[in-house]
Amino acid sequence: MSKLLAPAGNMEKLKVAVAYGADEVYLGLDRFSLRSYAGNFSMSEAAEAIQYLHIHNIPGYVALNIYPFEHEYADILATARQLEDMGADAVIVSDLGVIDLFRREHVNLPIHISTQANTLSPQTVMAYKALGAARVNLARELSFAQIQSLQRSVSGIETEVFVHGAVCFSYSGRCAISDYTTGRRANRGECTHPCRWQYTLIEKERPDQPFDAAEDERGLYLFNSKDLALYSYVSGLQQAGVTSFKIEGRMKSIHYLASVLSLYRKIIDGVEVLETEALSQLSRVMNRGYSTGFMKGNVTPDDYRFHDNETRGHSKFLGIVTWSDAAVCHMDVRNRVEAGAEVEILTPTGELISQTLPGPLLADTEGNVAPVLNHGKTMVLPFTLPEYTIVRKLD
Ligand code: SF4
(Lines give C-alpha, C1' and ligand atoms only; values in the text may rest on other atoms or scores of the structure.)
Protein backbone atom coordinates (compact mmCIF):
# COMPACT_ATOMS: atom_id res chain seq x y z
CA MET A 1 0.00 0.00 0.00
CA SER A 2 1.71 3.21 -1.08
CA LYS A 3 1.78 6.25 1.17
CA LEU A 4 1.65 9.99 0.65
CA LEU A 5 4.28 11.60 2.90
CA ALA A 6 3.69 15.28 3.55
CA PRO A 7 5.88 18.01 5.04
CA ALA A 8 4.75 20.13 7.98
CA GLY A 9 6.49 23.36 8.95
CA ASN A 10 4.09 24.37 11.74
CA MET A 11 0.85 23.21 13.35
CA GLU A 12 -1.39 24.87 10.79
CA LYS A 13 0.48 23.21 7.93
CA LEU A 14 0.35 19.89 9.73
CA LYS A 15 -3.42 20.14 10.10
CA VAL A 16 -3.77 21.06 6.42
CA ALA A 17 -1.59 18.07 5.48
CA VAL A 18 -3.85 15.77 7.51
CA ALA A 19 -7.01 17.30 6.02
CA TYR A 20 -5.71 16.92 2.44
CA GLY A 21 -5.01 13.23 2.73
CA ALA A 22 -1.45 12.72 3.98
CA ASP A 23 -0.81 9.15 5.11
CA GLU A 24 2.38 10.17 6.92
CA VAL A 25 3.86 13.51 7.98
CA TYR A 26 7.46 14.58 8.55
CA LEU A 27 8.62 17.57 10.53
CA GLY A 28 11.81 19.14 11.78
CA LEU A 29 12.91 20.46 15.15
CA ASP A 30 14.42 23.87 15.70
CA ARG A 31 17.70 21.99 16.01
CA PHE A 32 19.29 19.07 14.17
CA SER A 33 17.21 19.24 11.02
CA LEU A 34 18.08 20.70 7.65
CA ARG A 35 15.73 23.64 7.86
CA SER A 36 17.21 25.83 10.55
CA TYR A 37 15.61 29.16 9.90
CA ALA A 38 11.94 28.42 9.50
CA GLY A 39 9.52 25.58 9.22
CA ASN A 40 10.52 23.94 12.47
CA PHE A 41 8.93 22.84 15.74
CA SER A 42 10.10 23.33 19.29
CA MET A 43 10.09 20.17 21.42
CA SER A 44 6.74 21.00 23.00
CA GLU A 45 5.23 21.85 19.59
CA ALA A 46 6.56 18.55 18.21
CA ALA A 47 4.87 16.69 21.07
CA GLU A 48 1.60 18.46 20.27
CA ALA A 49 2.07 17.65 16.56
CA ILE A 50 2.68 13.94 17.18
CA GLN A 51 -0.33 13.80 19.46
CA TYR A 52 -2.53 15.43 16.79
CA LEU A 53 -1.25 13.02 14.14
CA HIS A 54 -1.91 10.00 16.34
CA ILE A 55 -5.49 11.13 16.98
CA HIS A 56 -5.83 10.90 13.19
CA ASN A 57 -3.96 7.56 12.99
CA ILE A 58 -1.12 9.14 11.04
CA PRO A 59 2.53 8.45 11.86
CA GLY A 60 4.84 11.41 12.42
CA TYR A 61 8.52 11.28 11.50
CA VAL A 62 11.05 13.74 12.87
CA ALA A 63 14.16 14.86 10.96
CA LEU A 64 17.47 14.68 12.80
CA ASN A 65 19.37 14.75 9.54
CA ILE A 66 22.29 17.11 10.01
CA TYR A 67 25.83 15.79 9.77
CA PRO A 68 26.92 16.48 13.35
CA PHE A 69 30.32 17.46 14.69
CA GLU A 70 31.87 15.39 17.48
CA HIS A 71 30.50 17.48 20.33
CA GLU A 72 26.89 17.28 19.10
CA TYR A 73 26.24 13.53 19.37
CA ALA A 74 25.32 13.53 23.07
CA ASP A 75 22.75 16.23 22.44
CA ILE A 76 21.29 14.35 19.46
CA LEU A 77 20.95 11.22 21.59
CA ALA A 78 19.18 13.21 24.31
CA THR A 79 16.83 14.63 21.67
CA ALA A 80 16.11 11.13 20.34
CA ARG A 81 15.23 10.03 23.88
CA GLN A 82 12.71 12.89 24.10
CA LEU A 83 11.25 11.86 20.73
CA GLU A 84 10.92 8.29 22.00
CA ASP A 85 9.00 9.58 25.03
CA MET A 86 6.65 11.68 22.92
CA GLY A 87 5.84 8.68 20.68
CA ALA A 88 7.41 9.83 17.38
CA ASP A 89 7.08 7.07 14.80
CA ALA A 90 10.55 7.35 13.24
CA VAL A 91 13.60 9.58 13.06
CA ILE A 92 15.02 10.68 9.72
CA VAL A 93 18.82 10.58 9.82
CA SER A 94 21.75 10.85 7.42
CA ASP A 95 24.87 10.33 9.43
CA LEU A 96 26.46 6.94 9.97
CA GLY A 97 27.68 7.97 13.42
CA VAL A 98 24.15 8.85 14.48
CA ILE A 99 22.78 5.53 13.17
CA ASP A 100 25.49 3.64 15.02
CA LEU A 101 24.95 5.64 18.21
CA PHE A 102 21.18 5.05 18.19
CA ARG A 103 21.73 1.32 17.64
CA ARG A 104 24.33 0.98 20.40
CA GLU A 105 22.20 2.99 22.81
CA HIS A 106 19.06 1.01 21.91
CA VAL A 107 17.05 4.04 20.85
CA ASN A 108 13.61 2.59 20.32
CA LEU A 109 12.69 4.53 17.19
CA PRO A 110 12.60 3.24 13.60
CA ILE A 111 15.30 4.87 11.48
CA HIS A 112 14.54 6.38 8.10
CA ILE A 113 17.55 7.28 5.97
CA SER A 114 17.32 10.88 4.74
CA THR A 115 17.65 12.10 1.18
CA GLN A 116 20.85 13.78 2.45
CA ALA A 117 22.49 10.35 2.46
CA ASN A 118 22.18 10.28 -1.37
CA THR A 119 21.41 6.57 -1.63
CA LEU A 120 21.82 5.36 -5.21
CA SER A 121 22.16 1.59 -5.10
CA PRO A 122 20.48 -1.55 -3.73
CA GLN A 123 23.81 -2.41 -2.12
CA THR A 124 23.59 0.75 0.00
CA VAL A 125 19.89 0.22 0.77
CA MET A 126 20.63 -3.28 2.05
CA ALA A 127 23.64 -2.01 4.01
CA TYR A 128 21.33 0.43 5.79
CA LYS A 129 18.93 -2.45 6.43
CA ALA A 130 21.77 -4.40 8.02
CA LEU A 131 22.40 -1.37 10.23
CA GLY A 132 18.79 -1.48 11.38
CA ALA A 133 17.11 1.10 9.13
CA ALA A 134 13.42 0.63 8.40
CA ARG A 135 13.24 2.89 5.35
CA VAL A 136 15.57 4.57 2.87
CA ASN A 137 14.88 7.67 0.82
CA LEU A 138 16.19 7.05 -2.69
CA ALA A 139 18.32 9.83 -4.14
CA ARG A 140 16.73 12.26 -6.56
CA GLU A 141 19.56 11.53 -8.96
CA LEU A 142 18.16 8.08 -9.81
CA SER A 143 16.26 7.43 -13.03
CA PHE A 144 12.97 5.55 -13.17
CA ALA A 145 14.72 2.53 -14.75
CA GLN A 146 17.34 2.56 -11.99
CA ILE A 147 14.66 2.66 -9.29
CA GLN A 148 12.84 -0.26 -10.94
CA SER A 149 16.08 -2.23 -10.97
CA LEU A 150 16.94 -1.24 -7.38
CA GLN A 151 13.52 -2.32 -6.15
CA ARG A 152 14.02 -5.80 -7.63
CA SER A 153 17.18 -6.21 -5.53
CA VAL A 154 15.97 -5.02 -2.14
CA SER A 155 13.67 -6.71 0.36
CA GLY A 156 12.52 -6.28 3.91
CA ILE A 157 13.03 -2.52 3.85
CA GLU A 158 10.79 0.34 2.79
CA THR A 159 11.80 2.92 0.21
CA GLU A 160 10.57 6.43 -0.44
CA VAL A 161 10.97 8.81 -3.37
CA PHE A 162 10.63 12.58 -3.50
CA VAL A 163 7.98 13.18 -6.14
CA HIS A 164 7.36 16.90 -5.85
CA GLY A 165 9.05 20.12 -4.82
CA ALA A 166 12.19 22.20 -5.06
CA VAL A 167 15.48 20.48 -5.82
CA CYS A 168 19.14 21.29 -5.32
CA PHE A 169 21.42 22.03 -8.23
CA SER A 170 24.01 19.90 -6.46
CA TYR A 171 23.58 16.44 -4.99
CA SER A 172 20.86 17.16 -2.44
CA GLY A 173 22.26 19.60 0.08
CA ARG A 174 25.89 18.64 -0.60
CA CYS A 175 26.89 22.08 -1.67
CA ALA A 176 28.90 24.92 -0.23
CA ILE A 177 27.82 27.84 -2.45
CA SER A 178 25.75 29.24 0.41
CA ASP A 179 28.64 28.81 2.85
CA TYR A 180 30.96 30.80 0.60
CA THR A 181 28.56 33.52 -0.51
CA THR A 182 26.67 34.20 2.71
CA GLY A 183 28.34 32.20 5.46
CA ARG A 184 25.22 30.11 5.89
CA ARG A 185 25.90 26.39 5.74
CA ALA A 186 23.71 24.21 3.56
CA ASN A 187 24.61 21.11 5.52
CA ARG A 188 23.32 22.72 8.70
CA GLY A 189 19.97 23.64 7.16
CA GLU A 190 20.92 27.26 6.61
CA CYS A 191 21.05 27.39 2.79
CA THR A 192 20.09 30.78 1.29
CA HIS A 193 19.59 29.21 -2.16
CA PRO A 194 22.27 31.21 -4.01
CA CYS A 195 22.05 28.66 -6.84
CA ARG A 196 18.87 30.51 -7.86
CA TRP A 197 20.27 34.04 -7.83
CA GLN A 198 21.32 36.13 -10.81
CA TYR A 199 25.04 36.81 -11.12
CA THR A 200 26.93 39.68 -12.76
CA LEU A 201 30.55 40.19 -13.70
CA ILE A 202 32.43 43.14 -12.14
CA GLU A 203 35.61 44.51 -13.65
CA LYS A 204 38.12 45.48 -10.95
CA GLU A 205 38.64 49.11 -12.07
CA ARG A 206 34.92 49.79 -12.53
CA PRO A 207 33.15 48.22 -9.50
CA ASP A 208 30.07 50.39 -10.05
CA GLN A 209 29.48 49.01 -13.54
CA PRO A 210 28.46 45.37 -13.24
CA PHE A 211 28.02 43.45 -16.46
CA ASP A 212 25.38 40.83 -16.95
CA ALA A 213 27.39 37.65 -17.19
CA ALA A 214 25.55 35.87 -19.94
CA GLU A 215 26.35 33.61 -22.82
CA ASP A 216 23.21 34.80 -24.58
CA GLU A 217 20.06 36.84 -24.00
CA ARG A 218 18.81 34.44 -21.31
CA GLY A 219 21.13 35.90 -18.69
CA LEU A 220 22.92 33.82 -16.08
CA TYR A 221 20.79 31.64 -13.89
CA LEU A 222 22.90 28.62 -14.73
CA PHE A 223 22.15 26.73 -11.54
CA ASN A 224 18.46 27.54 -11.16
CA SER A 225 16.70 24.15 -11.21
CA LYS A 226 13.01 23.93 -12.01
CA ASP A 227 10.79 22.27 -9.43
CA LEU A 228 10.35 18.52 -9.52
CA ALA A 229 6.89 17.17 -10.47
CA LEU A 230 6.73 13.40 -10.89
CA TYR A 231 2.97 12.86 -10.95
CA SER A 232 3.27 10.97 -14.25
CA TYR A 233 5.75 8.51 -12.67
CA VAL A 234 3.77 7.69 -9.53
CA SER A 235 1.90 4.70 -10.94
CA GLY A 236 5.11 3.17 -12.36
CA LEU A 237 6.92 3.73 -9.07
CA GLN A 238 4.04 2.12 -7.20
CA GLN A 239 4.28 -0.94 -9.45
CA ALA A 240 8.05 -1.00 -8.91
CA GLY A 241 7.41 -1.32 -5.17
CA VAL A 242 8.23 2.14 -3.78
CA THR A 243 6.51 2.47 -0.39
CA SER A 244 6.19 6.18 0.12
CA PHE A 245 5.84 9.28 -2.07
CA LYS A 246 7.35 12.31 -0.42
CA ILE A 247 6.44 15.95 -0.99
CA GLU A 248 9.10 18.60 -0.39
CA GLY A 249 8.27 21.87 1.31
CA ARG A 250 8.30 22.31 5.08
CA MET A 251 8.67 26.03 4.42
CA LYS A 252 6.02 26.24 1.69
CA SER A 253 2.56 27.76 2.16
CA ILE A 254 -0.66 26.02 3.17
CA HIS A 255 -1.96 26.86 -0.32
CA TYR A 256 0.94 24.90 -1.85
CA LEU A 257 0.39 22.01 0.54
CA ALA A 258 -3.34 21.74 -0.07
CA SER A 259 -2.98 21.99 -3.85
CA VAL A 260 -0.08 19.58 -4.22
CA LEU A 261 -1.37 17.02 -1.72
CA SER A 262 -4.86 16.94 -3.20
CA LEU A 263 -3.38 16.17 -6.64
CA TYR A 264 -0.99 13.45 -5.45
CA ARG A 265 -3.67 11.96 -3.18
CA LYS A 266 -5.83 11.31 -6.25
CA ILE A 267 -2.94 9.96 -8.29
CA ILE A 268 -1.78 7.58 -5.54
CA ASP A 269 -5.37 6.39 -5.17
CA GLY A 270 -5.40 5.49 -8.87
CA VAL A 271 -7.67 8.28 -10.08
CA GLU A 272 -6.81 9.06 -13.67
CA VAL A 273 -5.63 12.66 -13.92
CA LEU A 274 -4.79 14.01 -17.36
CA GLU A 275 -1.35 15.60 -17.77
CA THR A 276 -2.95 18.93 -18.71
CA GLU A 277 -5.19 18.82 -15.66
CA ALA A 278 -2.30 17.98 -13.32
CA LEU A 279 -0.16 20.80 -14.72
CA SER A 280 -3.04 23.22 -14.59
CA GLN A 281 -3.63 22.43 -10.89
CA LEU A 282 0.07 22.72 -10.08
CA SER A 283 0.33 26.00 -12.00
CA ARG A 284 -1.98 27.62 -9.43
CA VAL A 285 0.74 27.56 -6.76
CA MET A 286 4.10 29.33 -6.82
CA ASN A 287 6.63 27.42 -8.90
CA ARG A 288 9.74 27.89 -11.01
CA GLY A 289 8.48 25.70 -13.85
CA TYR A 290 8.28 21.94 -13.57
CA SER A 291 10.66 19.18 -14.55
CA THR A 292 10.93 15.42 -14.14
CA GLY A 293 14.57 15.80 -13.08
CA PHE A 294 16.72 12.68 -13.34
CA MET A 295 13.71 10.35 -13.59
CA LYS A 296 13.99 10.20 -17.38
CA GLY A 297 17.69 9.22 -17.26
CA ASN A 298 19.55 12.52 -17.17
CA VAL A 299 18.93 16.21 -16.72
CA THR A 300 19.00 18.55 -19.72
CA PRO A 301 19.01 22.36 -20.14
CA ASP A 302 15.23 22.15 -20.14
CA ASP A 303 15.31 21.11 -16.47
CA TYR A 304 16.72 24.53 -15.52
CA ARG A 305 15.26 27.97 -15.64
CA PHE A 306 18.04 30.02 -17.22
CA HIS A 307 16.21 33.24 -18.03
CA ASP A 308 15.08 34.28 -14.54
CA ASN A 309 14.55 33.02 -11.01
CA GLU A 310 11.01 34.20 -10.56
CA THR A 311 8.45 31.97 -8.97
CA ARG A 312 4.97 32.28 -10.38
CA GLY A 313 1.57 30.88 -9.62
CA HIS A 314 -1.60 31.48 -11.59
CA SER A 315 -3.78 32.22 -8.62
CA LYS A 316 -3.96 34.36 -5.52
CA PHE A 317 -4.63 32.55 -2.26
CA LEU A 318 -7.48 34.40 -0.52
CA GLY A 319 -8.12 32.36 2.59
CA ILE A 320 -8.91 29.14 4.37
CA VAL A 321 -12.15 27.93 5.94
CA THR A 322 -11.72 27.64 9.69
CA TRP A 323 -15.24 26.85 10.86
CA SER A 324 -18.51 25.72 9.37
CA ASP A 325 -22.00 24.55 10.29
CA ALA A 326 -24.89 23.37 8.15
CA ALA A 327 -25.61 26.84 6.75
CA VAL A 328 -22.52 29.09 6.79
CA CYS A 329 -18.77 28.94 7.14
CA HIS A 330 -15.99 31.28 8.27
CA MET A 331 -12.96 32.02 6.14
CA ASP A 332 -9.74 33.35 7.60
CA VAL A 333 -8.75 36.04 5.09
CA ARG A 334 -5.07 35.91 4.03
CA ASN A 335 -5.16 38.29 1.03
CA ARG A 336 -7.39 41.15 -0.06
CA VAL A 337 -10.86 39.83 -0.99
CA GLU A 338 -13.30 41.89 -3.05
CA ALA A 339 -17.06 41.63 -3.05
CA GLY A 340 -18.48 39.78 -6.04
CA ALA A 341 -15.14 38.20 -6.98
CA GLU A 342 -15.11 35.01 -9.02
CA VAL A 343 -13.15 32.49 -6.97
CA GLU A 344 -12.05 28.89 -7.14
CA ILE A 345 -12.63 26.67 -4.13
CA LEU A 346 -10.48 23.62 -3.38
CA THR A 347 -11.96 21.26 -0.80
CA PRO A 348 -9.92 18.71 1.20
CA THR A 349 -11.36 15.91 -0.95
CA GLY A 350 -9.85 17.60 -4.02
CA GLU A 351 -13.09 18.99 -5.41
CA LEU A 352 -12.73 22.22 -7.42
CA ILE A 353 -15.72 24.57 -7.38
CA SER A 354 -16.18 27.91 -9.17
CA GLN A 355 -18.09 30.39 -7.06
CA THR A 356 -19.05 34.06 -7.02
CA LEU A 357 -18.53 35.74 -3.65
CA PRO A 358 -21.41 37.78 -2.22
CA GLY A 359 -21.46 41.49 -2.81
CA PRO A 360 -21.03 43.10 -0.36
CA LEU A 361 -19.02 40.66 1.76
CA LEU A 362 -20.24 39.52 5.16
CA ALA A 363 -17.62 40.80 7.58
CA ASP A 364 -18.89 39.04 10.72
CA THR A 365 -21.76 37.15 12.28
CA GLU A 366 -23.44 40.40 13.39
CA GLY A 367 -24.52 41.12 9.84
CA ASN A 368 -21.93 43.83 9.14
CA VAL A 369 -20.87 44.05 5.51
CA ALA A 370 -17.83 45.38 3.63
CA PRO A 371 -16.83 45.82 -0.02
CA VAL A 372 -13.31 44.55 0.70
CA LEU A 373 -11.72 42.43 3.44
CA ASN A 374 -7.99 42.26 4.10
CA HIS A 375 -5.56 39.87 5.73
CA GLY A 376 -6.41 39.03 9.33
CA LYS A 377 -10.18 39.45 8.96
CA THR A 378 -12.80 36.74 9.11
CA MET A 379 -15.29 36.50 6.26
CA VAL A 380 -18.63 34.76 6.66
CA LEU A 381 -19.71 32.81 3.59
CA PRO A 382 -23.47 32.21 3.23
CA PHE A 383 -22.98 28.53 2.38
CA THR A 384 -21.18 25.64 3.97
CA LEU A 385 -17.76 24.29 3.06
CA PRO A 386 -15.56 21.80 4.90
CA GLU A 387 -12.97 23.10 7.35
CA TYR A 388 -9.55 23.69 5.69
CA THR A 389 -11.15 24.42 2.29
CA ILE A 390 -8.94 26.79 0.28
CA VAL A 391 -10.38 29.82 -1.53
CA ARG A 392 -8.34 31.44 -4.30
CA LYS A 393 -8.72 33.78 -7.23
CA LEU A 394 -7.42 32.60 -10.58
CA ASP A 395 -5.36 35.01 -12.76
S1 SF4 B 1 22.69 26.61 -2.91
FE2 SF4 B 1 21.20 25.49 -4.14
S3 SF4 B 1 22.29 23.60 -4.71
FE4 SF4 B 1 23.38 24.48 -2.96
S5 SF4 B 1 22.48 23.47 -1.14
FE6 SF4 B 1 21.40 25.42 -1.48
S7 SF4 B 1 19.57 24.83 -2.72
FE8 SF4 B 1 21.07 23.14 -2.85
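The conversation below covers a helix pair and then some individual residues.

Me: What should I know about the model and its numbering?
Reply: This is a predicted model, in which local features need pLDDT of at least 70, side-chain atom pairs count only at pLDDT 80 or more, and totals for chains, interfaces and linings use all residues. Residues are numbered from 1 along each chain as its sequence is written.

Me: At what angle do α9 and α10 pack?
Reply: Helix α9 (residues 254-268) and helix α10 (residues 275-282) pack at about 160 degrees, and their axes are 9 Å apart. That makes α9 roughly antiparallel to α10, a term for angles over 145 degrees. Axes are lines fitted to C-alpha atoms, for helices over the stretch in contact, with angles from 0 to 180 degrees between N-to-C directions. Helices are DSSP runs (H or I, at least four residues), strands likewise (E, at least two), numbered from the N terminus.

Me: Which residues of α9 and α10 meet?
Reply: Ser259, Val260 and Leu263 in α9 meet Ala278, Gln281 and Leu282 in α10; contact requires C-beta atoms, placed from the backbone, within 7 Å. The residues of this contact of α9 with α10 divide into 4 nonpolar, 2 polar and no charged.

Me: Is α9 itself buried or exposed?
Reply: Of the 15 residues of α9, 14 are buried, so α9 is largely enclosed by the rest of the structure. A residue is buried if 20 or more other C-beta atoms lie within 10 Å of its own, exposed if 12 or fewer, and partly exposed in between, with C-beta atoms placed from the backbone.

Me: And what follows α9?
Reply: Gly270 follows α9 and has a positive phi, near 90 degrees.

Me: Changing topic: which peptide bond is cis?
Reply: The bond from Gly359 to Pro360 is cis, with omega near -5 degrees. Pro360 is found in the loop between β17 (352-356) and β18 (361-362).

Me: What is the phi of His193, and where is this residue?
Reply: His193 is not a glycine, yet its phi is positive, about 60 degrees. His193 is found in the loop between α7 (177-182) and β8 (200-201). His193 is partly exposed, with 17 other C-beta atoms within 10 Å.

Me: What about Tyr388: buried or exposed?
Reply: Tyr388 is buried, having 21 other C-beta atoms within 10 Å. Its phi is near 80 degrees, a positive value in a residue other than glycine. Tyr388 is in the loop between β21 (378-381) and β22 (390-394).

Note on methods:
Parallel < 35°, antiparallel > 145°, perpendicular 65-115°, else oblique. Contact = placed C-beta atoms within 7 Å. Nonpolar A, V, L, I, M, F, W, Y, C, P; charged D, E, K, R; others polar.
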